[in-house]
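Subject: Structure for you to look at

Hello,

Here is the structure I said I would pass on. My notes on what was found follow below it.

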Amino acid sequence: MTVTIGWYMSLAAVLFAIGAAGVLTRRNALVMFMSVELMLNSVNLTFIAAAKELGLVEGQVAALFVMVVAAAEVTIGLAILVAVFRRRASANVDELSELKG
Amino acid sequence: MNNASFLAVAPEVILLAGALLVIISAVMLEHSRKEWGFIAGLSFVVAMVLSVLQWRAVDTLIAEGNDLLFFSARNLPVLRLPMVVMDHYSAFAGFVLFAVGLLGLGAAWRLVERLGSRGAEFVTLVLLSVAGLHMMTMSANIIVMFLGLETASISFYVLAGFTRERPESDEAAVKYFLLGSLASAIFVYGAALLFASTGSTSFYGAGGMKNFFVTTILGEPGVLLLGIGFVIVGLAFKVSAAPFHQWAPDVYQGAPTGAVGLMAAGVKVAGFVALGRILIGALPSQIDDWAPILAIIAGLSMIIGVVLAAVQTDVKRLLAYSGVSHAGYIMMAFVAGVDGIGPMLFYVTVYAVTLVGAFAIVGVVSRHSSGGSPIEDWSGLSRRSPEMAWSMLILLLAMGGIPFTAGFVAKLSSFTAAASADYLWLTILALLTTVVGLYVYFRIAATMFLNAPDEDAPAIEAPTPARMTIAAVVVTVVVLGVDPWPLLDLVREALPL
């Protein structure tokens with residue numbers, strides 16, 4: 001059996017769905033953020049698989065850019081989460097409930 | 001490199017240089033707030049002038065029969081793809097974004113002064129975010145668009161949590177960050193699927209998406225459809241269209257008021273312009289696929305935005321929900337395809353300017369630099385500060401779409417666009433929700449003009465920069481309402497390539 005591009009794309013889609021489900025169902029801000037990272041990695045996998053299949057270098061370049069952006073997001077995101085954690089000693093998003101109406 | 005290819009990125013260069021200068025001056029000089037304001041203001045003004053020059057340059061390039069409006073890294077063979085594009089569309093969007101940046105900074109100036117030495121970071125982030133927003137509008141490649149989107153979004157996450165000594169501000173930052181990064185991930189997954197199905201990340205050029213559909217009919221359009229869907233959902237999140245709007249009220253309420261106007265208005269302009277770039281610039285042949293998706297999102301946004309705005313007791317949250325409904329009105333112009341670009345640009349320009357002005361007034365009226373602005377704070381405003389009350393009234397009328405304000409023309413042209421594309425149900429829905437929307441805006445107006453002021457209400461003092469912002473916005477809204485024709489002619493020309 002050969003592994004065709006369809007398998008890679010499907011794997012990426014499954015990873016993306018797991019990540020999205022994680023963001024929507026988990027209540028710990030750190031775990032939610034990890035789920036977003038999982039989604040970004042599934043994006044990378046899609047880019048790489050398509051680039052290999054199409055014989056284009058564009059997709060690989062795109063994956064590099066996505067990695068850089070993910071790293072920048074981690075920097076800012078962890079800073080924000082640490083600021084919240086210091087005040088509340090909890091990373092549970094359900095406790096962030098001052099804003100509502 | 002020639003002059004035109006430098007001009008294409010010149011506004012970004014100016015804004016980034018301005019951002020660096022602000023940081024340097026904050027380190028080198030003490031008490032240099034005036035200098036930051038001067039540098040940032042000058043950067044925005046120069047960028048606006050450069051947008052005008054870009055518009056002219058595009059005119060000459062077209063007149064010369066030159067189609068080299070794309071700019072790519074020519075010396076690298078593998079990267080010979082269009083990366084950025086300079087056309088009337090990006091020049092127009094740039095002018096609006098830089099104007100919004102300037103007005104937003106004016107509205108935020110009191111906050112910058114209160115922040116002390118941290119104010120320099122605030123100004124820097126404002127400059128960086130506007131540069132990112134403009135990069136979204138001038139991208140000829142979906143990865144460049146993603147980079148612009150992230151540059152702006154990451155700056156906005158920080159701006160939302162900037163007054164970190166207040167608990168509601170960091171709560172807003174967390175919510176914006178988590179849902180914003182989810183939206184970015186969805187957007188870029190859509191980009192990956194578009195790449196997988198069309199074989200290009202570029203919109204234009206020989207192998208770009210636009211030409212791909214001229215020559216090819218996809219055997220299995222499923223991946224492409226998913227890609228379009230994800231890209232739309234990602235951008236709908238950013239412009240807070242329903243059902244992806246849940247973050248907006250919390251973020252607007254919690255974020256420092258000075259920053260909200262710029263964040264909300266800038267992201268709406270760039271988000272919708274980017275959407276037009278992808279859908280109408282690159283995928284015009286797939287209109288039958290994406291127009292229904294947009295129509296449904298637009299319809300939902302109008303209903304949800306107006307209904308939830310009607311029950312709010314906080315002006316910032318109310319403006320957030322009204323923003324959701326306005327996102328619907330703007331999005332409905334897209335169903336007309338390329339004919340909808342003009343109405344969309346007009347509406348988004350008017351709305352962005354109105355929103356910056358409205359949040360500038362909220363910043364003047366509310367007691368704290370961040371947190372909510374409960375509607376009780378507004379009672380009797382006409383007696384405490386008549387000029388603020390009247391300015392707010394004009395902006396509310398513009399949002400409601402009353403004639404002789406720019407909001408009326410904007411709504412009219414957007415509704416006409418949808419009706420001429422045979423989306424009658426959407427047009428009727430828009431008319432109905434507009435009527436309900438009037439109630440929302442008149443409720444604030446009634447509180448301002450009919451209720452007696454609280455006895456212990458603090459005096460309203462408007463700092464000069466905020467006053468100038470508000471005055472500029474009110475004049476723009478009224479002038480465009482009375483004589484919209486020059487701008488209407490301008491947006492008719494501002495089509496994506």
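Two salt bridges are found across the interface of chain A and chain B, a salt bridge being a side-chain nitrogen of Lys or Arg within 4 Å of a carboxyl oxygen of Asp or Glu. Asp170(B) takes part in a salt bridge with Arg87(A), at 3.0 Å from N to O. Asp170(B) also meets Arg88(A) in a salt bridge, at 3.3 Å from N to O. This pair runs from helix H6 of chain B to helix H3 of chain A. Over all chains the count is ten salt bridges.

This is a predicted model, in which local features need pLDDT of at least 70 and side-chain atom pairs count only at pLDDT 80 or more, while totals for chains, interfaces and linings use all residues. Residues are numbered from 1 along each chain as its sequence is written, chains are lettered from A and ligands numbered from 1 in the order in which they are written, and side-chain values use heavy atoms, with hydrogens and water left out.

The interface also has five residue pairs in polar contact, both residues at pLDDT 80 or more. A polar contact is a pair of N or O atoms within 3.5 Å; within protein, one must be able to donate a hydrogen and the other to accept it, and residues adjacent in sequence count only if both atoms are side-chain atoms. On the side of chain A that touches chain B, the elements giving two or more residues are helices H1 (5-25), H2 (29-54) and H3 (58-88). Helices are DSSP runs (H or I, at least four residues), numbered from the N terminus. H3(A) gives the most, with 17 residues.

Chain A puts 45 residues into the contact and chain B puts in 46, where contact means heavy atoms within 4.5 Å. The two chains bury about 3,600 Å² between them, 78% of it on carbon and sulfur atoms; buried area is the accessible area (1.4 Å probe) that two parts lose on being put together, summed over both.

Within chain B, helix H6 (residues 167-198) packs against helix H9 (residues 247-254) at an angle of about 145 degrees, with axes 8 Å apart. Axes are lines fitted to C-alpha atoms over the stretch in contact, and angles run from 0 to 180 degrees between N-to-C directions. Residues in this contact include Tyr176(B) and Leu179(B) of H6(B) and Trp247(B) and Val251(B) of H9(B).

The loop between H8 (222-238) and H9 of chain B holds Pro243(B), which a cis peptide bond joins to Ala242(B), with omega about 0 degrees. Ser240(B) is in the loop between H8 and H9 too, and has a positive phi of about 55 degrees although it is not a glycine.

Regards
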